[in-house]
Amino acid sequence: MLSPSACLLAAAALVAPARAWVTASQSLWGAQISEIQAAMRKEPSGRQPIAEYGWLWHWPEDADDTRGLGGGITYAWNPKLCNDIEDRFKEDIFGGGLIDCEDIKAAVARAFDKWAANSRFLKFLDVSKECDALGLNYGPPHTDPQSDHPHGGCPLAEIWVTTLVASSSTGSSRRLFSSVGNLDGISVQGQAATGLAVATADPIARFTDSGSAPGTPFRYTNGQFAENADGSMRKVVETYGGILSFNAGSDICWYLDSYFCSGFHQLKQDFGSADDAKLFVYGWTLGLMAVGILGYSILLCNVFLRVTVDTEAEDDEDGDGHFTFRERCNAALRELSNWNPLILTLFIMLLLIPPLITVKIFAPCFDCYDFEAAALHEIGHFLGLGHPDNIPDNWQAYTASAYEQDARPTPGNNSYHAIIAADLLNGTRPDAARFCQDPWAEVQAGVPPGAKIDTKKLNARYPTRDAQMEAQTQHNPRACLQTDDLEALAVLYPDCGNYALFFPVCHLVNLHLGDTRMAFYILAPTIFALLFVIGCNSCIHAFEKREKERRDAKHRKSKLRLEASKDQHQKEAKKARALLRFSVAKQKVKGAGAVPPAGAYPEQVSCTVQK
Ligand SMILES: [Zn+2]
């Protein structure tokens with residue numbers, strides 16, 4: 001028997017049409033498009049105010065008013081965050097970090113700027129140094145909270161950027177809100193999910209008519225007020241601060257060079273799963289190493305055989321018929337000298353470079369989280385956006401809390417703006433004047449007809465358009481806002497001026513961290529391999545020099561012996577000839593008159609020269 005909430009979930013999974021952006025109100029509280037349209041028309045929606053369209057920043061009418069978006073949104077960086085998180089960046093060279101605190105801060109600043117670059121209402125100011133100067137730049141989780149702002153950090157800042165104290169029992173890869181503070185004494189809990197939270201954006205919100213609020217109506221960026229039909233102030237949830245937290249736990253790792261790492265994440269989609277992509281890369285790594293190991297195995301085998309059973313006559317240097325240890329060592333060197341140094345270098349490179357690239361280059365991209373993309377995503381939550389790809393995971397019905405009734409009867413829908421989507425699909429710039437005064441009137445559920453849908457997205461509940469607000473941090477190919485995010489921004493913060501932006505602006509920075517490390521992890525082993533082979537070659541060269549000297553000495557010795565034998569032979573021949581002449585003369589003297597016939601005495605005396 002299914003519980004009521006399980007039935008609701010099952011039904012939600014069946015009816016969720018999916019596939020485009022979603023607001024936090026829809027995602028968390030199940031606000032329906034028709035209800036939001038009614039609220040925009042200042043009609044009653046029939047919902048509790050907490051589940052009405054809200055979680056947005058106020059746009060003040062007065063230029064001097066700093067409420068909400070007025071004067072920009074300020075943020076301060078908890079100075080302890082760098083110490084906490086710096087070691088979690090794995091873009092190093094053998095432990096030597098290439099990233100410092102300024103690089104990490106710059107990544108968060110770029111994330112804020114990417115939102116600001118796509119709407120003229122958004123502006124973010126880093127007030128960390130002002131906070132430092134005032135001695136107020138401290139706060140949770142390292143110290144007790146300060147009392148001047150609900151986030152407890154520097155009171156100059158509306159958003160406190162700090163370390164996430166993660167609980168293993170709550171969170172997911174990308175939570176929506178872990179908690180949304182205290183609304184009129186109502187402690188609102190965020191989603192309860194299992195898994196690991198790598199970063200969170202916890203908006204600090206208030207009801208517009210609460211004691212802490214200015215008590216004036218919420219004003220949208222198109223100049224419309226959140227009012228009832230009678231002109232009275234409508235009670236909506238207004239975001240006015242937040243806590244942006246990054247996990248610095250030992251089970252988390254981050255990378256900054258999203259430009260370089262995005263290609264590795266593409267492999268996940270190409271192979272259909274992260275595990276298969278990893279298997280492919282590790283398989284290639286082991287395969288290449290195996291070639292190197294095989295090459296050196298053959299070499300060592302040949303050397304071993306040469307010094308044991310396959311010794312040759314030349315290895316018996318002293319000719320005594322026995323192979324001494326030294327002669328066997330020389331035999332090994334003799335065998336080594338037959339191998340091409342280039343081949344030996346290549347084998348060492350195959351042994352070293354693939355594992356280094358896999359462990360030090362591939363893994364930090366593949367297994368770690370894109371820091372800038374995570375910041376970009378979380379800032380989207382502060383602005384009132386939800387996850388387009390995991391409805392109804394963030395729906396409050398999951399929690400079965402006291403506010404369950406607000407989330408009934410159905411979860412929110414993915415939404416799209418019919419005019420903006422159609423114009424962009426046709427390649428034309430939408431005319432904001434047609435819809436900016438009531439942008440929700442043209443919002444529909446689902447996906448725009450003809451929109452490009454990514455059906456291969458990993459771990460997706462259903463196909464979606466590409467969006468930075470997707471729940472999966474690890475699989476983002478780029479730290480940029482997508483058309484889907486910008487369309488949502490145009491509805492949440494409508495711009496009725498001529499400067500409304502509909503085509504995403506993304507200022508990419510190539511940090512070259514990946515290229516630098518790649519160059520190092522290829523060049524260093526190559527240099528090592530060359531030095532190693534050169535060292536071996538020096539030994540072989542010295543051995544060959546010694547061999548040459550040994551052979552020269554042997555040759556000289558043989559030559560001397562030959563010459564000595566020749567001299568001896570000549571002396572003996574001379575002696576023989578003298579003896580012959582003496583014999584002939586003696587015969588003549590005896591007067592026998594008989595001359596010995598030709599050939600009776602040899603002209604030369606042969607002798608054998610022992611070489
Ligand atoms: Zn999220």
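Begin by selecting Trp55, which is found in the loop between H3 and S1, where helices (H or I, at least four residues) and strands (E, at least two) are DSSP runs numbered from the N terminus. Residues are numbered from 1 along each chain as its sequence is written. This is a predicted model, in which local features need pLDDT of at least 70, side-chain atom pairs count only at pLDDT 80 or more, and totals for chains, interfaces and linings use all residues.

Is Trp55 buried or exposed? Trp55 is buried, with 28 other C-beta atoms within 10 Å; a residue is called buried if 20 or more other C-beta atoms lie within 10 Å of its own, exposed if 12 or fewer, and partly exposed in between, with C-beta atoms placed from the backbone. The phi of Trp55 is near 60°, a positive value in a residue other than glycine. Now select Lys42, which lies in the loop between helix H3 (33-40) and strand S1 (73-77) and has a positive phi of about 70° although it is not a glycine. Lys42 is partly exposed, with 16 other C-beta atoms within 10 Å.

Next come two peptide bonds. A cis bond with omega of about 5° joins Pro140 and Pro141, and Pro141 is placed in the loop between helix H6 (128-134) and strand S5 (159-164). Another cis bond, with omega of about 10°, joins Ile391 and Pro392, and Pro392 lies in the loop between H11 and helix H12 (404-407). Most residues other than glycine have a negative phi, and most peptide bonds are trans.

Move on to helix H14 (residues 483-492), where ten of the ten residues are buried, so the helix is largely enclosed by the rest of the structure. To see what surrounds H14, select helix H11 (371-382), strand S12 (415-417), helix H13 (418-425) and strand S13 (443-445), against which its buried residues pack, contact meaning that the C-beta atoms of two residues, placed from the backbone, lie within 7 Å.
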